[in-house]
Amino acid sequence: MAAGGQAINCFVLFCLAVACQGASGLPLLFARSSAAAQRFSVLLMLTGSCAGSAAALWSLTSPAPVTFALISGLPFGPGSLGIDALSAWFLIPVFLVTGASALFALGYWPADRHPETAARVTFFLGLLAASLSALLLVRHLVLFLVVWEIMALAAWFALSTEDEKPEVRDAGILYLVTAHLGVLVLFAMVSLIASLTGSYLFPAPGSLPAQGGLASAIFLCALIGFGLKAGVMPLHVWLPSAHANAPSHISAVLSGVVLKVGIYGMVRIFSCFATPPPWWGGTVLILGAISGVIGVAFAIGQHDLKRLLAYHSIENIGIIMIGLGCALLGQSLASPVLATLGLAGALLHVLNHATFKALLFLGAGAVIQAAGTREIEVLGGVGRRLPRTGLFFLTGALAICGLPPLNGFVSELMIYLAGFTSLKSSPGLMGALPVLAVPVLALIGGLAVACFVKVYGVVFLGEPRSPEHVGTGDPPASMLGAQALLALVCVLIGVAPICVARPLENALAAYRGGFVQQALVPMVPFTWITLLAVLLLMLAAGAALWLRRRTGRAAATSRTWGCGYLKPTPRMQYSASSFGSLLVAWFGVVLRPEVHRTDPAGSFPGPAAYRSHLPETALERLFLPLLEYLYEKSAPVRHLQHGKLNLYIVYTFLTLVVLFILTTR
Amino acid sequence: MIDILVHIVIALGLPPLLLGVIGKTKAAFAGRVGAPFLQPYYDLARLFRKGVVISETTSWIFRAGPAVTLAATLCAGLLIPLGRHTAPISFDGDLVLFAYLFALGRFFTTIAALDTGSSFEGMGAAREVSFACLAEPTLFFALITLTRLSGTLSLTPMLNHLDLSVWLGTGAALILMLAGLFVVLLAENSRIPFDDPNTHLELTMIHEVMVLDHSGPYFGCILYGAALKLFLLGALFVNVALPFTTGSSLADWLVFLAGMLALSVAVGVVESVMARLRLIRVPQLLVAALILTAFSLVLVVR
């Protein structure tokens with residue numbers, strides 16, 4: 001009875017959170033440019049986040065999966081909501097990131113400076129947050145699709161806030177088209193599941209047989225439908241431009257959370273199957289490896305700060321998919337250690353990526369606000385004018401590279417361990433596949449370090465590259481506070497990962513009852529990570545202090561050594577494009593960089609120019625030509641679409657009649 | 001306990017000597033007397049006493065870079081066993097931490113270089129991180145092979161597992177792996193044929209150009225950290241290459257020290273007989289090393 005009471009309390013808290021988030025946009029609708037109304041809406045969002053995180057943490061520490069039948073009388077059976085540790089695990093980043101983004105918006109998108117758009121972006125951020133929270137609680141497939149659609153549309157309205165700009169409109173339309181293609185595939189998946197189980201409820205974990213064509217079709221639909229949302233390469237085409245053109249705090253939510261519900265969908269659907277065949281895990285693993293390596297390679301060639309971060313989202317989704325693939329292979333090969341480590345790494349990386357990527361997008365927002373551009377090549381030396389933003393961005397950059405002592409290292413370590421473990425007992429070719437994760441992760445890690453050294457070095461260090469984009473100063477307290485909160489979570493999980501071990505085990509148990517045959521603690525060296533993190537920090541602080549004492553305060557200063565050149569200018573600094581050029585050239589076969597150059601010629605050469613640009617190759621070389629071809633070939637069919645509403649109604653009627661004839665024999 | 005103390009003393013004290021041996025070897029090849037073996041120690045002592053000049057462009061990152069890099073390398077020094085002994089810290093998964101601590105050091109060395117705003121230092125930083133992208137998977141392929149051979153995920157049991165019988169069984173794979181590891185050792189420590197520490201042209205350098213603006217104790221830290229990194233990666237190499245256990249702790253230490261000195265002579269010989277590769281050839285050699293270690297894995301797994 002006590003457990004039941006607790007579940008009801010949790011449920012009430014979740015409802016309160018969703019209501020607060022959903023209602024948070026209302027005050028600004030009535031008072032469009034009122035700062036007080038905006039503060040009130042942020043307060044509502046923060047209340048929602050606090051209530052929701054408390055409930056999520058509560059259900060994570062004492063898991064008792066419960067479901068509530070809510071609305072009866074729907075055409076597809078009674079609606080159903082449920083809470084288990086798996087939902088609660090994905091809810092934590094939702095509440096954390098949406099709360100931090102709402103707080104950030106207070107300084108980033110103030111109502112008195114953006115009277116036209118502040119109400120819109122606040123309302124749809126609230127709706128997006130509420131639909132994301134609700135989505136994770138829904139246990140009814142049709143209701144899931146309805147909430148999914150609300151989420152997709154809320155995200156579209158929020159990301160196309162500045163729709164007077166053509167590039168924002170283009171990004172919005174691309175997003176809308178791909179989101180709906182994804183929903184179409186999910187419709188197919190839902191009807192396939194319903195035909196297999198005879199019910200529109202989410203099947204219980206491990207209750208479906210994974211053999212046969214129907215199961216494979218469900219797997220492929222889930223992979224494509226949810227993969228489109230998560231941004232798995234090559235289904236990522238909407239992601240870079242949408243993230244780049246949304247307001248930065250919306251980009252943080254998109255990358256931190258919206259992509260993750262794609263992962264949630266996959267994890268939830270995969271958990272329904274008893275023993276997946278090895279090719280499922282193999283497919284997921286290979287897709288993850290492709291997303292990871294090619295995603296980060298694309299990132300290196302970008303010179304738009306937010307586009308670059310967007311490609312890193314693809315990379316991190318790849319890392320999560322590698323973990324997930326290991327987990328599926330572990331299930332197929334009956335290797336509980338591999339499955340546990342893979343899934344634990346994937347789930348922890350979901351939380352970690354949500355925190356550090358949201359932190360980086362918020363930092364990028366602060367830079368854009370202060371310097372007035374997101375073009376990396378004209379920025380420089382921002383860190384001296386925005387020292388605290390610089391520190392937070394550095395924290396995020398170290399975390400995303402998976403470097404100790406921050407949180408990215410812990411989740412990547414788990415996936416590494418999964419890969420190494422599979423080696424100890426690997427029957428056959430599929431058993432050797434998880435080993436692939438190890439060199440792939442090493443390559444991704446090396447490339448990520450290269451990319452973030454480039455971003456941090458070019459944007460935050462050195463001298464400003466153009467006088468117009470020097471940067472003013474650190475942003476107001478609300479924006480710094482949001483970044484500080486996320487940075488704190490990064491450091492906390494990195495230094496004391498033991499605090500996530502227990503919730504993670506419960507989430508694993510919710511994925512499959514009895515899935516965790518061994519506890520995580522003996523498999524992952526949590527204590528050693530903490531010990532070495534503390535040692536590392538102490539050694540670094542000690543060395544820095546000693547150097548400080550040794551050199552004294554009055555160190556002589558001089559200009560940077562120009563290697564004999566007497567008048568170097570800030571424009572001669574190494575640029576982001578030059579920094580990445582070696583790596584872009586190595587990956588040139590896949591990336592297809594576009595170079596426009598005018599070489600100096602003759603004895604008295606005129607002005608020379610060099611411009612390089614990395615297009616969205618998959619979109620421009622693959623999907624657009626394909627669609628163009630389809631458009632040409634489908635010309636005869638298009639006569640059916642003529643804009644006459646009366647005839648459209650006839651089509652609908654005829655379709656219904658045909659379906660009626662087909663289904664009733 | 002004594003072994004741990006000896007480990008710490010050797011790991012802290014010995015690294016500059018390797019640079020001295022390399023220098024002496026090169027001098028011998030060139031027909032010179034060369035600087036004394038202890039010259040790197042004198043250099044460090046001199047640097048630690050000197051004052052510093054710091055560029056006006058730089059921020060706190062420039063001063064933090066050498067400190068964090070040295071701290072990360074020191075932590076890595078606690079993870080790897082020296083010879084047939086147990087490392088002070090050993091746990092399942094320490095091999096990943098070992099590699100990532102070097103990545104942390106590289107991150108801070110390169111951002112400290114970019115902090116100066118110098119185009120030459122930016123160039124060096126770009127080369128350093130790009131080449132590391134190829135060196136890192138090579139190291140991990142070698143670690144996978146060792147995991148497969150020993151069945152453990154920790155450096156100490158993994159490296160102590162290698163004895164003569166393992167060598168007799170899978171010698172071919174181990175030789176391929178050693179070749180790959182030697183290339184990584186040279187590349188990661190910016191030795192010839194990847195980088196020439198003694199060149200006079202900033203345009204062609206990698207590591208030395210990144211630290212052009214560091215001076216005094218900061219430069220001392222960098223120099224010492226680089227020597228330590230050479231020592232640690234060298235220890236990994238020697239542990240694989242010398243599969244002998246004498247039974248006595250003291251003799252084991254001596255064998256290890258002899259191995260390290262022989263390795264520095266080998267590095268010196270390579271530096272004397274080879275020229276620096278053209279920059280465009282560097283990735284080709286690194287990819288070759290990557291494939292060699294991948295081969296060794298295939299040989300072991302088959």
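**Entry 1: chain B**

I started with the radius of gyration of chain B: it is 19 Å, which agrees with the value near 19 Å that a compact globule of 302 residues would have. For the record, this radius is taken over C-alpha atoms, and the globule rule is 2.2 Å times the number of residues to the power 0.38.

Before going on, a note to myself: this is a predicted model, where local features need pLDDT of at least 70, side-chain atom pairs count only at pLDDT 80 or more, and totals for chains, interfaces and linings use all residues. Residues are numbered from 1 along each chain as its sequence is written, while chains are lettered from A and ligands numbered from 1 in the order in which they are written.

Back to chain B: I get a C-alpha trace spanning about 60 × 45 × 40 Å along its principal axes. I find twelve helices and one strand there; helices (H or I, at least four residues) and strands (E, at least two) are DSSP runs, numbered from the N terminus. Along the sequence the pattern reads α-α-α-β-α-α-α-α-α-α-α-α-α.

Of the 302 residues in chain B, 60% are buried. My cut-off for buried is 20 or more other C-beta atoms within 10 Å of the residue's own; exposed is 12 or fewer, partly exposed is in between, and C-beta atoms are placed from the backbone.

**Entry 2: chain A overall**

I looked up the secondary structure of chain A next and got 25 helices and five strands. The radius of gyration is 26 Å, close to the 26 Å from the globule rule for 665 residues, so chain A is as compact as a globular protein of that length. Its C-alpha atoms fill a box of roughly 90 × 65 × 60 Å along the principal axes, and 57% of its residues count as buried.

Chain A is split into domain 1 (154–537) and domain 2 (618–665), with bounds from an automatic or database domain assignment. I have their C-alpha centres 36 Å apart.

From the UniProt record (unreviewed entry) I noted "domain: NADH:quinone oxidoreductase/Mrp antiporter transmembrane" at residues 140–419 of chain A. Such positions are given in the numbering used here, feature names are shortened, and annotations may be inferred rather than shown by experiment. That stretch comes out as 78% helix and 0% strand, with its end C-alpha atoms 35 Å apart.

**Entry 3: where A meets B**

How many residues of chain A are in contact with chain B? I get 61, facing 67 residues of chain B; contact means C-beta atoms, placed from the backbone, within 7 Å. α17(A) gives the most to the chain A side, with 14 residues. By class, that side has 43 nonpolar, 13 polar and five charged residues. Here Ala, Val, Leu, Ile, Met, Phe, Trp, Tyr, Cys and Pro are nonpolar, Asp, Glu, Lys and Arg charged, and the others, Gly among them, polar.

A strand pairing crosses between the chains: three bridges join β3(A) to β1(B) (residues 53–55), running parallel. Two strands pair if DSSP finds at least two bridges between them. T557(A) stands opposite I54(B).

**Entry 4: two local checks**

Within chain A, β4 (594–598) and β5 run antiparallel, joined by five bridges, and E594(A) stands opposite H613(A).

Why does F270(A) count as buried? Because it has 26 C-beta neighbours inside 10 Å. Leaving aside neighbours within four places in sequence, F270(A) touches P276(A) and L328(A) as contacts.

Definitions and conventions: Contact = placed C-beta atoms within 7 Å.
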